[in-house]
Structures are given as C-alpha cells and as structure tokens.
Amino acid sequence: FAGIRFLVAGILVTILAIIQKRKFKVEQKSVVAWLLLFALVNTALHYLFSYVGLGYLPSSRSTILDSMNGFFAIILSCIIFEDDKFSKFKALGCILGFSGILLINIEPGQNLILLNAMCGAFGGIITRIISKKMDMTVATSLSMTIGGTFLCVVSAIIGPAARWTITTESIIIMIGLILISA
C-alpha cells in the first residue's frame, strides 16, 4: 500500500519537476549517496516501520509515539550541526517529553513506531543537508519514487497478509493519499 502510494506520488512530483524545468543533473557523486540515503530513510524505512507498527498498536498510541520524531530531531540536529546548540531548556524538554511518551506506551510493537519516529528525524536532518546540494523538488520526487519502489519490491517478496479488496471507495482513498503525498 505505502509502496504504491509513494511510487505514484514520486512519479507525479517528477512530472511536475520536469514541467517546471527543475535541474535533475547531479554535480557530485556524493549527492547520489545522500539521495539514496534520503529515499531509504525518509520514505522506505520510515513508512515500513510506520505501517508494520500500526499493525501492533492502536493508532492513538502510534501517533503519540511518532511525536518522538521531534525530540529525536532536536537531539540529532544538535549533534550533527555546529550552528544548533543544545541548551538546558532543550534538554529538559526532551527529558520530560521522552518520559511522558514512554510511560504511557510500554507494550509490544512500540519499537517499530519509535524506529519510524527516528527515521522521520533522520529524514529531517538529511533534508537539511541535501537541500544545500540539489533542488528539493527533484530530491523529494526521486526519494518517493525510489523509496516507493523499494517498498513495492519488499511487499512483493513478503506477500500480503490478506487478499486486497479493491472497491471504488478504496481507489478514491488511494488517489487522495497519493495526491496528499505528492
């Protein structure tokens, strides 16, 4: 489901980038590595952990656990970027936030949602880095296309847990989600 969603959304954004005559040329080979890492972390692993984790936890708990993304982003940003300093207020906020979220979410399945949140935080860091190296519309389109393709391949290998029922309503929902992602 996520693979199809992001693959098609990535193709739509790629078409938009082509229409807007965005620059697809990558000038340094290191940018390709960043782009692949962006696709893997920000799309493929992020949504793999999210969708599998949702199978184990109610969506309300998953949403709360996913808010760890913000705390992870604060910590990672302070570690990776020199211009982002870790203050006592950031530390206190992170400690209180982590504690509250973990206290109400101690049960199986939470690790996948925490990995999802960590991928979201790393995705934000990679976005900050890659935005200085290439056009973000192009980076986003390629990230979603590559990540969506990865998810489709993994899904094809693993196979669905149940048979899909395709209805008019499900197609409309999928189109809506694709357009939201795009």
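In this predicted model, lysine 90 is partly exposed, with a relative accessible area of 29%. Its side chain meets that of aspartate 84 in a salt bridge (2.8 Å, N to O). The whole structure holds three salt bridges.

Aspartate 83 pairs with arginine 128, and the closest N and O atoms are 2.8 Å apart. This pair links distant parts of the chain: aspartate 83 lies in the loop between α4 and α5, arginine 128 in helix α6, 45 residues apart. Aspartate 83 is exposed at 61% relative accessibility. Arginine 128 is partly exposed at 27%.

Aspartate 135 forms a salt bridge with arginine 22, with the closest N and O atoms 3.0 Å apart. Here, too, distant parts of the chain are linked. Aspartate 135 sits in the loop between α6 and α7, and arginine 22 in the loop between α1 and α2, 113 residues away. Both count as partly exposed, aspartate 135 at 21% and arginine 22 at 31%.

The largest nonpolar core has 13 residues. Met68, Phe71, Phe72, Phe98 and Ile125 have the most contacts inside it. Helices α4, α5 and α6 each give two or more residues to this core. The largest share, five residues, comes from α6. Isoleucine 125 touches residues including Ala73, Leu76 and Phe81. A second, separate core has twelve residues, among them Ala17, Phe49, Ile130 and Ala139.

Nonpolar residues also form a surface patch of about 1100 Å². Among its members are Phe1, Ile4, Trp164 and Leu179. Helices α1 and α8 each give two or more residues to the patch. The largest share, six residues, comes from α1. Tryptophan 164 lies in the loop between α7 and α8.

Notes. Residues are numbered from 1 along each chain as its sequence is written. This is a predicted model: local features need pLDDT of at least 70, side-chain atom pairs count only at pLDDT 80 or more; totals for chains, interfaces and linings use all residues. Side-chain values use heavy atoms; hydrogens and water are left out. Patches are made of residues with over 30% relative accessible area and no salt bridge: like charges are joined within 9 Å, nonpolar side chains (Val, Leu, Ile, Met, Phe, Trp, Tyr) within 5 Å. Accessible areas come from the Shrake-Rupley method with a 1.4 Å probe; for residues, only the protein chains shown count as cover. A salt bridge is a side-chain nitrogen of Lys or Arg within 4 Å of a carboxyl oxygen of Asp or Glu. Helices (H or I, at least four residues) and strands (E, at least two) are DSSP runs, numbered from the N terminus. A nonpolar core is a set of buried Ala, Val, Leu, Ile, Met, Phe, Trp, Tyr and Cys residues joined through side-chain atoms within 4.5 Å. Buried means under 20% relative accessible area, exposed over 50%, partly exposed in between (1.4 Å probe, protein chains only). Contact means heavy atoms within 4.5 Å. Lists of a residue's contacts leave out its neighbours within four places in sequence.
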